[in-house]
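Open the model in your viewer and keep a side-chain display at hand.

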Amino acid sequence: MFKVISMLKRNPALSTGQFRQHYEEVHAPLATKTFPFIRRYVRNYVKPAPAGKEPRFDCITEQWFDDKAAFKKMTEIYATEAGRPVREDEKEVFDMAKMELLFVEEVSSS
């Protein structure tokens, strides 16, 4: 498996509630429809610290692929006309300048 983690900040025009609603009801379904080979797609919404400081990111997203080739296929589709709706929606929901993408190797102790 190949795993990608995205650190996401909401578009400043959206409240945290609007961000979460849009991500769950619009963006995530659009992404899974456009890229059906994403094996697992998890959104982890960050809660503010008790002191009230706004978190650096609003969501930490995990995407699993069968292998690096499947991820590469996603990036190729993303760059085409078929990926345009996803790209356009990202501008609506995310602060693109603050987005960070990480390629990780997951190790688990069981």
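Start with the largest nonpolar core of this predicted model. Select Phe 19, Tyr 23, Phe 35, Phe 65 and Met 74: of the 21 residues in this core, these touch the most other members. Next, colour the elements that supply at least two core residues each, namely β1 (2-8), α1 (16-34), β2 (40-45), β3 (59-65), α2 (68-78) and α3 (84-93). The largest share, four residues, comes from α1.

Leaving aside residues up to four places away in sequence, Met 74 touches Phe 35, Phe 37, Ile 38, Gln 63 and Phe 65.

Now hide the side chains and show the strands. The open sheet has four of them, in the order β2-β3-β1-β4, with antiparallel pairing. Select β2 and β4 (100-104): these strands stand at the edges and have a single partner each, so one side of each lacks a neighbour in the sheet. From one strand to the next, the twist averages 20°.

Move to the pair β1 and β3. The two run antiparallel and are joined by seven bridges. Bring back the side chains of Phe 2 and Phe 65: Phe 2 stands opposite Phe 65, which belongs to β3.

Finish with two helices. Select α1, which lies across β1, β2 and β3 and runs at about 170° to β2. Then select α2, which packs on the sheet and touches β1, β3 and β4. The direction of α2 makes about 115° with that of β3.

How values were computed. Residues numbered from 1 in each chain as written. Predicted model: local features only at pLDDT ≥ 70, side-chain atom pairs only at ≥ 80, totals over all residues. Heavy atoms only, no water. Core = buried A, V, L, I, M, F, W, Y, C linked by side-chain atoms within 4.5 Å. Buried < 20%, exposed > 50% of the residue type's maximum accessible area, 1.4 Å probe, protein only. Contact = heavy atoms within 4.5 Å. Pairing = 2+ DSSP bridges. Axes fitted to C-alpha atoms, helices over the stretch in contact; angles between N-to-C directions.
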